[in-house]
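Work through these exercises with the model in view. Try each task before you read its solution.

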Amino acid sequence: MSRNITLLRGLEPPATDQEIFAAAQEYVRKVGGVSGLTTATKPAVDKAVAAIAAATTQLLAELPARGAIPETEPEPVRRAAGE
């Protein structure tokens with residue numbers, strides 16, 4: 001689990017629900033220290049992922065469009081499926 005959370009703002013076309021959900025899952029797994037789900041952890045993880053995905057969707061909808069990306073910041077890129 002050494003992936004980084006992908007930058008979602010500024011993607012063309014915009015980030016998909018699946019990309020937002022994947023980022024939310026990665027965030028919850030990193031913060032919660034959960035590498036695998038059990039019957040004890042699944043309800044809490046699922047609830048947190050849903051809340052973070054919803055907040056991310058709202059955030060991306062409300063942020064202004066990114067103008068030109070500064071030279072010091074890499075362009076957002078999509079990860080290949082399965083990475």
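**Exercise 1.** Why are aspartate 46 and lysine 42 separated by about one helical turn?

Solution. Start with the ground rules. This is a predicted model, where local features need pLDDT of at least 70, side-chain atom pairs count only at pLDDT 80 or more, and totals for chains, interfaces and linings use all residues. Residues are numbered from 1 along each chain as its sequence is written, and side-chain values use heavy atoms, with hydrogens and water left out.

Step 1. Locate both residues: they lie in helix 2, residues 42–62. Helices here are DSSP runs (H or I, at least four residues), numbered from the N terminus.

Step 2. Count along the helix. Aspartate 46 and lysine 42 are 4 residues apart, so about one helical turn separates them.

Step 3. Check the contact. Their side chains meet in a salt bridge, at 2.6 Å from N to O. The term needs a side-chain nitrogen of Lys or Arg within 4 Å of a carboxyl oxygen of Asp or Glu. Side chains of opposite charge can pair when their charged atoms come close.

**Exercise 2.** How many salt bridges does a search of the whole structure find? Describe the one formed by glutamate 26.

Solution. Step 1. The search finds 2 salt bridges.

Step 1. Glutamate 26 pairs with lysine 30, and their closest N and O atoms are 3.7 Å apart.

Step 2. Both sit in helix 1, 4 residues apart, so about one helical turn lies between them.

**Exercise 3.** Where does valine 31 lie? Classify its exposure as well.

Solution. Step 1. Valine 31 is part of helix 1, residues 17–32.

Step 1. Its relative accessibility is 58%, so valine 31 counts as exposed.

Terms used: Helices (H or I, at least four residues) and strands (E, at least two) are DSSP runs, numbered from the N terminus. Buried means under 20% relative accessible area, exposed over 50%, partly exposed in between (1.4 Å probe, protein chains only).
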